[in-house]
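Keep the sequence and the model side by side as you read.

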Amino acid sequence: MADDGGREAVARAHSAAVGTRQRFSAVLPVALAADPPWAAGPLPYPNAGRTADAARRRGLFTPAAGRALYEGRWHTWGSAAEGPLRLEGMELLRVPTARAPYGALAVLHLAVAPGTPLLPLLRAISHRRQVGRGDPLGGALAPGELLRGVADTAAPAGPFAPTGPYTVVFVAPGADLGALALRDPASGELAPGADVFLRSLASRSSPQDLPLAPEALPQLRAQVWRISTDWSALVLRQGAAFLGHRPDTGPGDFYDWAEQSSRTVYLDALLLGIAQRLHIDELTDDLSAVFEGPGLARRVADLEQRIARFRSTYWRQHLAAHGPANDLLVAYQATHRLPERFAQVLAEAADHARLVQTQESQQIAGALGVLTVLGLPLGTALSVLQVLGDSDPWHLVGALAAAFAATGAALTTRYGRLVLSSLRAGGVRRR
């Protein structure tokens with residue numbers, strides 16, 4: 001792959017590859033102002049008499065993850081088509097944040113017509129150069145058309161807004177994909193180019209779009225998750241891909257179950273990761289602007305409350321008793337550095353909380369100092385008049401004047417200046 005000719009040959013092979021089963025789901029953020037007129041729950045994907053509905057899928061996840069994934073979720077079946085793509089169904093999952101209270105994720109489940117190479121369609125979704133076709137998610141399959149009157153598909157604004165949909169790809173190979181996907185039937189060794197092809201599917205790119213340095217191949221193989229000897233998965237920033245490693249024998253094959261899992265339970269794990277990223281992106285941006293504007297203590301308290309709600313609702317690294325979903329979520333989190341970023345959010349929030357607490361302590365101490373400076377001379381003067389039994393109003397006025405003069409003199413001392421400075425600093429920071 002180092003020379004241009006070899007890279008071009010590999011790119012042509014990837015772009016011409018056709019699997020026996022080619023499916024992908026496109027996940028994109030939308031705004032959902034009202035509940036859609038769809039059936040409640042996730043898309044119930046059938047397989048050999050077993051349907052992966054909400055009840056079955058909830059049993060695989062922890063209660064907290066199940067609530068986040070299956071409450072506030074709807075589905076509908078579809079039949080729209082555009083070119084070689086056919087819509088099988090759609091889902092909507094509410095993922096509200098502080099900035100986007102109507103935030104949701106729309107999932108479009110798509111099938112590719114038999115005999116159609118998949119990679120050029122994926123590259124077109126990413127608007128790669130020299131792809132030679134328009135965005136396949138257009139026309140009858142345009143999200144705005146499919147979700148018209150149901151959800152707002154306008155691209156969200158913000159520093160971390162995604163530039164395109166997140167795709168989850170499933171490919172079951174035929175016997176003709178030996179060099180790109182299959183294991184050697186005699187030795188069991190995986191084809192050398194399988195992981196590179198898997199990378200192309202997950203990144204929606206060919207080796208010419210994003211050339212892979214030979215030195216990076218071990219790192220790529222370390223990222224690939226071997227679900228079993230029969231198939232592998234790779235999770236990247238723009239998408240995830242599942243690729244089989246033995247020929248598909250048709251209905252009744254193992255790939256029936258693999259396809260169902262990749263489009264249900266494994267997709268759900270990735271949806272939770274996407275929801276986590278949306279929240280962490282927003283918290284990161286809000287923390288960077290915490291000193292802008294009035295009400296520092298109020299803003300810090302609000303951020304702490306949002307962080308606590310996020311931790312109890314979405315922040316999970318252990319989803320299920322079964323490993324695959326956990327591994328997928330951890331892979332997504334690692335790709336976006338979510339654990340490190342959330343740890344930084346917690347550290348910054350704790351620093352801001354300590355700063356607010358220090359300022360409030362300074363204000364309290366300053367207020368007590370003012371009371372001492374004002375109250376001591378005044379109390380002394382009034383006590384002297386009371387002991388002397390003097391009730392003359394002019395003497396009282398004189399005592400008050402003397403007390404204020406003593407207070408003014410005290411405020412010019414080092415202690416008095418420290419008290420005033422503390423009050424002024426606290427007042428400026430809290431505006």
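Helix H10 has 24 residues, which should span 34 Å at 1.5 Å a residue. Its end C-alpha atoms are 35 Å apart, so the two values agree. The expected span of a helix is 1.5 Å times one less than its number of residues. Helices (H or I, at least four residues) and strands (E, at least two) are DSSP runs, numbered from the N terminus.

This is a predicted model: local features need pLDDT of at least 70, side-chain atom pairs count only at pLDDT 80 or more, and totals for chains, interfaces and linings use all residues. Residues are numbered from 1 along each chain as its sequence is written, and side-chain values use heavy atoms, leaving out hydrogens and water.

Is H10 enclosed or open? Of its 24 residues, 20 are buried, so H10 is largely enclosed by the rest of the structure. Buried means under 20% relative accessible area, exposed means over 50%, and partly exposed lies in between (1.4 Å probe, protein chains only). Ser288, also in H10, counts as exposed because its relative accessibility is 54%. Ser288 and Val345 are 57 residues apart in sequence, yet their C-alpha atoms are 9.9 Å apart in space.

## H10 against H12

The axes of H10 and helix H12 (residues 323-335) come within 9 Å and cross at roughly 30 degrees. Axes are lines fitted to C-alpha atoms, for helices over the stretch in contact, and angles run from 0 to 180 degrees between N-to-C directions. The crossing is right-handed. A crossing is right-handed if the near helix is turned clockwise from the far one by less than a right angle, and left-handed if anticlockwise.

Which residues make the contact? From H10 come Val265, Tyr266, Ala269, Leu270, Leu272, Gly273, Ile274, Gln276 and Arg277. From H12 come Pro324, Ala325, Leu328, Leu329, Tyr332 and Gln333. Contact means heavy atoms within 4.5 Å. These residues divide into 11 nonpolar, three polar and one charged. Ala, Val, Leu, Ile, Met, Phe, Trp, Tyr, Cys and Pro count as nonpolar, Asp, Glu, Lys and Arg as charged, and the others, Gly among them, as polar.

Thr264 lies in the loop between H9 and H10. Its relative accessible area is 1%, so Thr264 is buried. Leaving aside neighbours within four places in sequence, Thr264 is in contact with Tyr45, Ala52 and Arg57.

## Aromatic pairs

How many aromatic pairs does the structure hold? There are 15. Rings of Phe, Tyr and Trp (its six-membered ring) pair if their centres lie within 6.5 Å; planes under 30 degrees apart count as stacked, over 60 as edge-to-face and the rest as tilted. The rings of Trp231 and Phe254 have centres 5.9 Å apart and planes at 75 degrees, so this pair is edge-to-face. The pair links distant parts of the chain, 23 residues apart: Trp231 is in strand S11 (residues 231-235) and Phe254 in helix H9 (residues 254-263). Trp231 is buried at 0% relative accessibility. Phe254, at 22%, is partly exposed.

Phe242 and Tyr266 form a stacked pair, 5.9 Å centre to centre with 15 degrees between the planes. Phe242 sits in strand S12 (residues 239-244) and Tyr266 in H10 (residues 265-288), 24 residues apart. Phe242 is buried at 0%, and Tyr266 is buried at 5%. Phe170, Trp225, Trp231, Phe242, Phe254, Tyr255, Trp257 and Tyr266 form one aromatic cluster.

## Positive phi

Most residues other than glycine have a negative phi. His127 has a positive phi of about 60 degrees. His127 lies in the loop between helix H4 (119-125) and helix H5 (143-146), and is exposed at 57% relative accessible area.

Arg204 also has a positive phi, near 55 degrees. Arg204 is in the loop between helix H7 (194-203) and helix H8 (217-223), and is buried at 2%. H7 itself is mostly covered, with 10 of its 10 residues buried.

## The chain overall

The chain has 15 helices and 12 strands. Buried residues make up 46% of its 431 residues. Among contacts with a separation of 6 or more, 71% join residues 24 or more positions apart.
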